[in-house]
Amino acid sequence: MALYKNNPRDPNNSRDQQSPREPQGQQNRPAQPSRQAPNRYFATCPRGLEQLLADELKQISAKVVNVTDGGVSFDGDWSVCYAANLHSRIATRILWQVGRGKYLNEEDLFNAAYKMNWPQWFDVKHDFMVKVTGVKCPLKSLEFATLKIKDAVCDKFRLAVGSRPYIDTKTPSVRIHAYLTTDEYQYYVDTSGAALYQRGNRGASIEAPLRENLAAGILKLTGWQAGQPLLDPMCGSGTFLLEAAMVALDMAPGIKREFGFEKLKTFESDTWKKIKNQALSKVKKVSFQKIYGSDMDLRAVRVTKQNLEAAGLLEAVQVSHVDMLNVIPPADHGVLVANPPYGVRIGEDEALTLLYPKMGETLKHKFAGWNTYFLTNDLRMPKLMRLSPSKKTPLFNGPLECRLFEIKMVAGSNRKDKPEA
């Protein structure tokens, strides 16, 4: 049996919505852990943002970039892997593929894992975890499959170095991912460590905070550019504001955190130092960036300011305590983006039925010339606001299927007033 630091019964087999699903044509590709040959990776992301992630990866010289549901596969050397972790604002994890093949049962998974040279990739002193996800997987128990793969890894270490690494299901140094389809397995080593949306900036939050990579993706979808006025009138814990400030100041999202690849034996420290130093040299001095936030909840305003200050970005953003219905546009044009309260957070549809028409009136009377964007899972919102969205982009906020509504506020054009009798 393997040794456990935490709960030995935790199967760690939740069915991740961002499972690596390779497109057709990538079957039976062997792992290439060599420093000379390109590696194959899979970057997971919030569903709906895959193409934006692919565009990011191409900008850092990723090759053979293929979009699929929940993420993007790509090729590259370690410098590409490090740059993806450091610079991607949209990825959730960067997974390094170390093996793939066909299987019929759990014993096949054990044998495949046992044949792999795990001691070549990480030290026995580093604790690890295994996460198994499956799509149309025929196995009766993903928990049993997880245990078989864990045992194979530990047995391989015992054979190679005479001892086994510990299992840590909460904060492991190394994460191994196994992805199972109807007849194929794919094994990955996670190069990110903690999820990439954990920038290390947001120390405090209010209820249901928006994940940073989803917020970053939404900002890209709005077309907002640094230097253009940006307003979040329902700022919550300030996620949109933090992401926008980092974009405006050319601050790489991962510049203040550590990564899983630093724990691997394949780690090229000189390569990483060069990439990180280049990123640090591009960061602009903090100054006001025409980014504005407000909230009717004083607690949210305080939390937002705390998070901005902790990130060193407070001077880049103006934050105020004001209800959206009373907010004054900071410019005659710009981008308004918000993740307004909806049924899951408020719990009262009646309250929303009253709120939305008032929000619509505020936009009509004050925000002509602005492009506005609202992320919500309440599809009634535009109709109740009496405004016509020009775009409805499907996105997932965690498990919630949402829409990003684009409503361009052109004076006198968006009303849905009934014709006079």
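**Close-up views of a predicted model**

**View 1. Helix 1 and its buried residues.** Glu 50, Leu 52, Leu 53, Ala 54, Glu 56 and Leu 57 are the buried residues of helix 1 (residues 50-59). Here, buried means under 20% relative accessible area, with exposed over 50% and partly exposed in between (1.4 Å probe, protein chains only). Helices (H or I, at least four residues) and strands (E, at least two) are DSSP runs, numbered from the N terminus. What do the buried residues of helix 1 pack against? They pack against strand 2, strand 3, strand 4, helix 2 and helix 5, where contact means heavy atoms within 4.5 Å. Helix 1 is followed by Ser 61, which has a positive phi near 75°.

Before you move on, a word on the model: it is predicted, so local features need pLDDT of at least 70, side-chain atom pairs count only at pLDDT 80 or more, and totals for chains, interfaces and linings use all residues. Residues are numbered from 1 along each chain as its sequence is written, and side-chain values use heavy atoms, with hydrogens and water left out.

**View 2. Strand 4 and its two partners.** Six of the six residues of strand 4 (residues 71-76) are buried, so this strand is largely enclosed by the rest of the structure. Look at either face and you will find cover: Gly 71, Ser 73 and Asp 75 are buried on one side, and Val 72, Phe 74 and Gly 76 on the other. Strand 2 (residues 39-44) runs antiparallel to strand 4 and is joined to it by six bridges; two strands pair if DSSP finds at least two bridges between them. Strand 3 (residues 63-68) is also antiparallel to strand 4, with four bridges. In the hairpin of strand 3 and strand 4, two residues lie between the strands, and Gly 70 takes a positive phi near 90°.

**View 3. Helix 2 crossing helix 7.** The axes of helix 2 (residues 78-87) and helix 7 (residues 269-282) come within 10 Å and cross at roughly 35°. Axes are lines fitted to C-alpha atoms, for helices over the stretch in contact, and angles run from 0 to 180 degrees between N-to-C directions. Helix 2 contributes Ser 79, Tyr 82, Ala 83, Leu 86 and His 87 to the contact, while helix 7 contributes Thr 271, Trp 272, Ile 275, Lys 276 and Ala 279. These residues divide into six nonpolar, three polar and one charged; Ala, Val, Leu, Ile, Met, Phe, Trp, Tyr, Cys and Pro count as nonpolar, Asp, Glu, Lys and Arg as charged, and the others, Gly among them, as polar.

View 4. Strand 15 is joined by seven bridges to strand 16 (residues 400-408), and the two run antiparallel. Within this pair, Lys 391 stands opposite Glu 406.
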